[in-house]
Amino acid sequence: MRKKEILQTEKSIALIKQTFAAKLSEALNLYPISSPMLVNEGTGINDDLNGVEKAVSFPVKFLSTNVVIVHSLAKWKRIRLQELELPLYEGILTDMRAIRADEDYSPIHSIYVDQWDWELRIAPHNRCLSYLKAIVRHIYQALRETEAMVWQELQIEPILPEAISFIQAEQLLQLYPTLSPKEREQAIVKEHKAVFIVGVGHPLSNGVPHDSRASDYDDWSTATEDGYRGLNGDLLVWHPVLEQAVELSSMGIRVDQATLLHQLALTQTSSRMNLLYHQLVIQDQVPLSIGGGIGQSRLCMFLLRKQHIGEVQVSLWPTEVQAQAAQQQIQLL
């Protein structure tokens with residue numbers, strides 16, 4: 001790729017990020033804020049993702065405890081909502097930068113993570129499936145409006161369907177009972193092009209969750225009005241160049257006191273309830289909220305039809321990945 005093309009890609013990345021952040025903020029009534037890359041270890045504030053990934057930890061000479069580089073800001077944002085004293089239906093949006101050292105590399109995975117982390121204050125009666133779906137539709141509309149801008153400015157033809165499809169993880173299992181969770185995602189997203197899978201984390205009828213979720217941020221156990229469980233999920237789109245499903249967002253209604261205690265018990269992690277963050281939730285000292293992360297590089301990769309996430313972000317790659325990219329004439333930034 002010539003230098004001019006690299007600079008054009010960088011310009012396009014900046015345009016997409018600026019446009020989507022503005023559209024999302026407008027749709028969900030979010031304020032842009034600053035956020036940390038480091039938090040104190042042992043507070044329970046860092047996102048545990050699937051509950052097994054190990055955060056990058058190191059000592060700081062003027063602190064008595066280690067600090068960790070964040071995985072995401074899923075729990076930090078609720079604390080910040082309280083500190084900012086935001087009213088109902090107002091929220092925050094921040095550029096999150098993280099290192100996930102245990103991440104496996106692939107064309108859509110990197111140890112460097114950049115995403116929009118957002119959180120919105122809600123009322124108790126909003127803790128339901130219909131409200132989750134309404135918020136997902138707002139996010140999806142912001143995606144489509146950004147895609148329309150890309151068509152206007154860069155002449156990359158829009159491919160997102162007019163409406164996003166919803167399916168519960170248990171329904172997806174019943175639809176494709178012989179397939180693995182990732183294979184089920186591939187099948188449903190290939191058919192509908194944009195899908196939100198509801199209820200990620202709770203064991204399904206086969207005894208296995210669609211995907212793992214930590215016990216202390218998303219509510220994946222509450223019974224819903226359609227007879228299933230979970231007030232969270234993943235938003236996926238079909239990438240036409242890679243010919244595979246790509247997850248753009250993981251999000252959900254956050255745990256309240258009762259749900260947190262229930263999910264800690266289900267996952268046999270009740271020892272965490274004495275951590276700072278967990279005590280704030282148990283004592284009702286943080287707002288009820290809905291929130292999530294939306295991958296910045298993933299979105300740019302999808303909208304610009306790139307084959308590798310390294311084409312839209314600077315990260316570290318094994319020698320063999322760099323060699324393969326060069327052979328395929330893929331320019332890693």
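Reader: In which loop is Lys 193 found?
Author: Lys 193 sits in the loop between α5 and β8. Those labels come from DSSP runs numbered from the N terminus: helices are H or I runs of at least four residues, strands are E runs of at least two. One caution before we go on: this is a predicted model, so local features need pLDDT of at least 70 and side-chain atom pairs count only at pLDDT 80 or more, while totals for chains, interfaces and linings use all residues. Residues are numbered from 1 along each chain as its sequence is written, and side-chain values use heavy atoms, leaving out hydrogens and water.

Reader: What is the phi of Lys 193, and is the residue buried, partly exposed or exposed?
Author: Its phi is positive, about 75 degrees, although Lys 193 is not a glycine. Lys 193 has 33%, so it is partly exposed. Now try Glu 243, in the loop between β9 and β10. Glu 243 also has a positive phi, about 55 degrees, without being a glycine, but it counts as exposed at 57%.

Reader: How many residues does α5 have, and how far does it reach?
Author: The expected span of a helix is 1.5 Å times one less than its number of residues. Helix α5 (residues 181–192) has 12 residues and reaches 17 Å from first C-alpha to last, close to the expected 16 Å.

Reader: Which residues of α5 are buried?
Author: They are Arg 184, Glu 185, Ile 188 and Val 189. Looking down the axis of α5, these buried residues fall within an arc of 115 degrees, so they line one face of the helix. That arc is taken from the directions from the helix axis to the C-beta atoms. On the face turned away from the buried side you'll find the exposed Lys 190 and Glu 191.

Reader: What do the buried residues of α5 pack against?
Author: Contact here means heavy atoms within 4.5 Å. The partners of the α5 buried residues are β7 (165–168), α4 (169–175), β8 (194–198), β9 (232–239) and β10 (244–253).

Reader: Which residues touch the most other members of the largest nonpolar core?
Author: A nonpolar core is a set of buried Ala, Val, Leu, Ile, Met, Phe, Trp, Tyr and Cys residues joined through side-chain atoms within 4.5 Å. The largest one has 51 residues, and Trp 118 and Ile 290 touch the most other members. Its largest share, 11 residues, comes from α3. Another core, of 19 residues, lies apart from it, with Ala 55 and Leu 260 among its members.

Reader: Where is Thr 146, and what does it touch?
Author: Thr 146 belongs to helix α3 (residues 129–154). It is buried, at 0% relative accessible area. Leaving aside residues up to four places away in sequence, Thr 146 touches Ile 16, Thr 19, Phe 20, Lys 23 and Leu 303.

Reader: How many residues of α8 are buried?
Author: In α8, 8 of its 8 residues are buried, so the helix is mostly covered. Just after α8, Arg 305 takes a positive phi of about 60 degrees.

Reader: And how many helices and strands are there in the protein chain?
Author: There are 9 helices and 11 strands. Buried residues make up 50% of the 333 residues.

Notes. Buried < 20%, exposed > 50% of the residue type's maximum accessible area, 1.4 Å probe, protein only.
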